[in-house]
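Work through the exercises below with the structure in view. Try each task before you read its solution.

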Amino acid sequence: MISVDGDIFGEMAKACGIDPDTLEENSVLVLNEGEFSTDNVGVMGMEPDRYRYYHVDNMTSLHPGDELPVQFYSDQKGEYVTRKLSIVGYAKTAQLEKYLSGAGDYYLWIITGPSVGRDVMELTKDAEGAPYMTPELHIRLNGKETDLIQRLSQLSDLQEGAFYLTESGYIQSIEHAVVALADGLLLSFVILSSLICLLNLFNSVRGWMAGSIREYAVLRSVGMTKGQMRQMLLLQCGGIILRAVLLALLGSGLLIAVIYNGMTVIFGNLVLQFPLLLFVLAVLLVGIVLAVFSFWSLKKELEQSDITVIK
């Protein structure tokens with residue numbers, strides 16, 4: 001459970017598509033996705049045969065508006081006390097990335113406002129008055145060189161355990177570096193393969209126009225206007241794009257299914273998101289390039305007279 005101040009709680013709710021004005025004192029956000037793997041879940045005394053990974057989209061079967069009963073042990077009462085919280089909505093890791101780092105593991109994360117946090121701290125105080133919930137200050141640096149971490153480390157040593165400093169950016173920076181390197185290599189591969197495909201497309205269009213120039217010359221000689229020719233060419237380009245998309249979906253779909261099933265057998269359940277927006281943009285870009293190449297090639301071929309081309 002994480003308790004934040006009212007302003008931050010309102011920002012978190014807004015980032016999850018929830019109206020901050022609907023928040024009440026016992027409202028909570030539930031981070032409703034998690035990750036399980038053989039690195040963090042296992043059976044004592046047993047070793048897994050191989051690495052397994054599972055991404056869970058729904059960590060709970062409850063719905064927004066349902067009550068979430070949470071038990072806390074009270075030293076003062078000597079028993080467990082149930083506090084009923086109201087789920088105002090669900091959150092995804094990406095929506096809370098600005099506020100939480102490293103969230104979304106195998107725990108069920110509950111995010112509350114200050115009122116619930118104060119009640120839980122008061123409820124769970126031990127005999128010495130120390131609450132079960134511990135206050136933490138999370139600092140996100142802007143990437144510039146600073147001696148803040150060193151000064152805080154020295155101050156924590158002087159305070160004799162009054163507070164502890166834990167750096168969480170080292171492992172995270174390594175992960176980000178590896179991901180950035182992989183993304184860079186993948187982007188370079190996509191750009192290079194796209195350039196090769198566009199060159200092949202240009203050569204194919206030039207060959208298509210060279211082979212069809214007599215047909216276009218005959219059509220123009222019997223009265224086809226420039227507008228009608230442009231319309232016919234656009235329809236032909238549309239048919240090419242449609243066939244290409246269908247073949248790409250079929251071929252890519254089979255390839256992705258083989259890769260996905262193979263990775264599932266090796267690693268366990270994986271989540272693959274279909275980049276629909278990028279796919280649509282790629283189709284539009286190729287369609288525009290195809291039309292430009294076609295019109296330019298046709299214009300070049302028709303610079304000769306129709307009689308010469310027909311002969």
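**Exercise 1.** Which residues do ring pairs link into a cluster?

Solution. Start with the rule: rings of Phe, Tyr and Trp (its six-membered ring) pair if their centres lie within 6.5 Å. Ring pairs join Phe202, Phe293 and Trp296 into a cluster. By this rule the count is four aromatic pairs.

A note on the source: this is a predicted model, where local features need pLDDT of at least 70, side-chain atom pairs count only at pLDDT 80 or more, and totals for chains, interfaces and linings use all residues. Residues are numbered from 1 along each chain as its sequence is written, and side-chain values use heavy atoms, with hydrogens and water left out.

**Exercise 2.** Classify the pair of Tyr73 and Tyr80.

Solution. Planes under 30 degrees apart count as stacked, over 60 as edge-to-face and the rest as tilted. The rings of Tyr73 and Tyr80 lie 5.2 Å apart, centre to centre, with 70 degrees between the planes. The pair is therefore edge-to-face.

**Exercise 3.** Are Tyr73 and Tyr80 buried, partly exposed or exposed?

Solution. Buried means under 20% relative accessible area, exposed over 50%, partly exposed in between (1.4 Å probe, protein chains only). Tyr73 has 40%, so Tyr73 is partly exposed. Tyr80 has 55%, so Tyr80 is exposed.

**Exercise 4.** Describe the lining of the second largest pocket by class.

Solution. Ala, Val, Leu, Ile, Met, Phe, Trp, Tyr, Cys and Pro count as nonpolar, Asp, Glu, Lys and Arg as charged, and the others, Gly among them, as polar. The lining has 28 nonpolar, six polar and no charged residues.
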